[in-house]
Structure formats: structure tokens, C-alpha cells
Amino acid sequence: LIRLSGLSHGTDVWLGNASELIAKGICTISSVIGTRDDIMLALIRYGVEKSHAFKIMEMVRKGKGLTPEFEAEMREANVPDWYIASCKKIKYMFPKAHAAAYVMSAIRIGWYKVHMPLAFYAGYWSAAPGGFDGELATKGKEAILQTLNDIKSKGKEATQKDNETYSSMLMAYEFLARGFKFLPVDIYKSDSKYYLPEDGKIRLPFSSLPGLGEAAAQNI
């Protein structure tokens with residue numbers, strides 16, 4: 001999980017680099033470069049002098065590539081050609097501790113999603129409501145799925161608003177697929193912006209209605 005976090009947050013670490021190496025069978029997810037620390041530790045294992053291994057890691061993680069002298073030292077230590085080429089492509093990398101912090105946070109969030117789903121979904125949309133369509137949400141799974149497919153069919157022509165809608169309503173589709181239900185906006189029970197757990201369901205806020213901004217919702 002830490003390696004995946006590093007791969008997904010680096011620049012030119014996964015796409016056009018580790019992804020191709022794995023697809024071609026040159027190496028596995030366990031041996032590609034995922035975080036900064038991977039470089040230093042791997043080079044030390046190959047026998048590269050420790051301070052040089054650190055300096056190489058620092059150069060690579062800043063996107064500076066390799067000096068001819070360091071590359072020669074790596075080849076002398078029998079570091080594979082694919083590893084050297086991978087180092088040259090990297091523009092930015094996570095430190096391992098940063099990746100670990102992200103994973104710890106993800107595991108905590110995941111626990112709530114599994115064991116306290118209403119709190120998870122209510123908290124998710126209350127914190128990041130962008131793209132949520134309350135009117136669409138109350139129409140059910142099929143209506144949401146149709147909208148998701150319509151946005152997906154646009155490909156690169158999809159707008160930023162389309163992408164926000166896709167992300168938020170995909171979560172709404174998942175919510176309904178797990179057997180939960182939305183309660184429509186209610187003049188007496190809805191909050192202005194918070195999605196509220198209610199009788200095993202989630203009550204939609206005024207701000208979830210299309211075209212109704214946060215200020216107008218608060219006025220209501």
C-alpha cells in the first residue's frame with residue numbers, strides 16, 4: 001500500500017515508467033521505484049557507497065537525473081539498466097514516511113466506510129459536495145448510472161463540472177448499491193449544507209439541489 005501511494009503521487013514515477021516495466025515483465029510491483037527511500041536502500045544493497053546512494057536519491061527525487069560519474073558507479077555495482085533508466089525519468093517522488101501517512105489515513109477512512117457507512121458517506125459529501133446532484137440522487141440507481149455513462153461517453157470533451165459530477169455521483173451510485181437510501185430535501189428536517197444520517201438513511205441538504213448556492217441554502 002505504501003508503494004502504491006508513492007507510485008500514485010510521484011511525477012513520471014508510474015506513467016511511462018514503472019507501469020511499462022511491470023507490463024513488459026521486466027520487474028514486479030515489489031522491485032520498481034516507489035518512494036525516495038527505495039532508491040537509497042536499493043543502491044546500498046547493490047554495494048554503492050552509502051553517501052553516494054543518498055546523493056543519487058536526492059538528485060533523482062528532485063528530477064535532476066544522474067551525473068555521468070554516479071551512473072558509472074551504479075553500472076560498476078551491477079545496477080540493472082532498467083533501474084538506471086527509470087531513475088532518469090523521475091521528476092518528483094514522495095518520501096516513504098509521507099506515503100505511510102497517506103496510507104494510515106486511507107485505512108482509517110476505509111474502516112468508517114465499511115463499519116460506519118452512514119457516517120462515512122454523510123461526512124464525505126458534507127466535506128466535499130462538489131458535483132453532487134440531489135435531484136438526480138433521489139431518482140435511483142438507474143438514473144445515476146445513465147448520467148455516469150453519458151459523462152463517460154464524452155471522453156476528453158467532458159468539462160470540469162462533468163468530472164466533478166461523475167466523481168460525486170459515482171459515490172452516490174455505490175451508496176445506493178449497498179442498500180442505503182437518500183431522503184429528499186425537507187423544509188423542516190434538512191440542513192443548509194450537511195448531509196445528515198436519519199433512520200438508516202441520509203437526509204439531503206438544501207445545497208444539494210441544482211442551482212441552489214450555499215448562501216441561498218443558509219437563508220432558507
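View 1. Leu1 sits in the segment before α1 (2-9); helices here are DSSP runs (H or I, at least four residues), numbered from the N terminus. This is a predicted model, where local features need pLDDT of at least 70 and side-chain atom pairs count only at pLDDT 80 or more, while totals for chains, interfaces and linings use all residues. Residues are numbered from 1 along each chain as its sequence is written, and side-chain values use heavy atoms, with hydrogens and water left out. With a relative accessible area of 67%, Leu1 is exposed; that word means over 50%, buried means under 20%, and partly exposed is in between (1.4 Å probe, protein chains only).

**View 2. Inside the largest nonpolar core.** This core has 27 residues, and Ile39, Leu43, Ile56, Met74 and Tyr83 are the ones with the most contacts inside it. A nonpolar core is a set of buried Ala, Val, Leu, Ile, Met, Phe, Trp, Tyr and Cys residues joined through side-chain atoms within 4.5 Å. Which elements give two or more residues to this core? They are α2 (14-23), α3 (36-46), α4 (50-61), α5 (68-76) and α6 (81-89). The largest share, five residues, comes from α4.

**View 3. Met74 and its contacts.** Skip the neighbours within four places in sequence, and Met74 is in contact with Leu43, Ile56, Leu66, Val79, Tyr83, Ile84 and Cys87. Contact means heavy atoms within 4.5 Å.

**View 4. Asp12 and Lys91 pair up.** The whole structure holds ten salt bridges, a salt bridge being a side-chain nitrogen of Lys or Arg within 4 Å of a carboxyl oxygen of Asp or Glu. In the one between Asp12 and Lys91, the closest N and O atoms are 3.4 Å apart. The pair links distant parts of the chain, 79 residues apart: Asp12 is in the loop between α1 and α2, and Lys91 is in the loop between α6 and α7 (96-115). Asp12 is partly exposed at 34% relative accessibility, and Lys91 is partly exposed at 43%.

**View 5. Glu174 meets Lys113.** Here the closest N and O atoms of the salt bridge are 3.1 Å apart. Glu174 belongs to helix α11 and Lys113 to helix α7, so this pair also links distant parts of the chain, 61 residues apart. Both count as partly exposed: Glu174 has a relative accessible area of 27%, and Lys113 has 23%.

**View 6. Asp162 in helix α11.** Asp162 is found in helix α11 (residues 160-177). Is Asp162 buried or exposed? Asp162 counts as buried because its relative accessibility is 14%. Its side chain meets that of Lys154 in a salt bridge (3.0 Å, N to O), and Lys154 is partly exposed at 38% relative accessibility. Leaving aside neighbours within four places in sequence, Asp162 is in contact with Ile151 and Lys154.

**View 7. A network of salt bridges.** Glu71, Arg75, Asp81 and Lys88 are the residues linked in this network.
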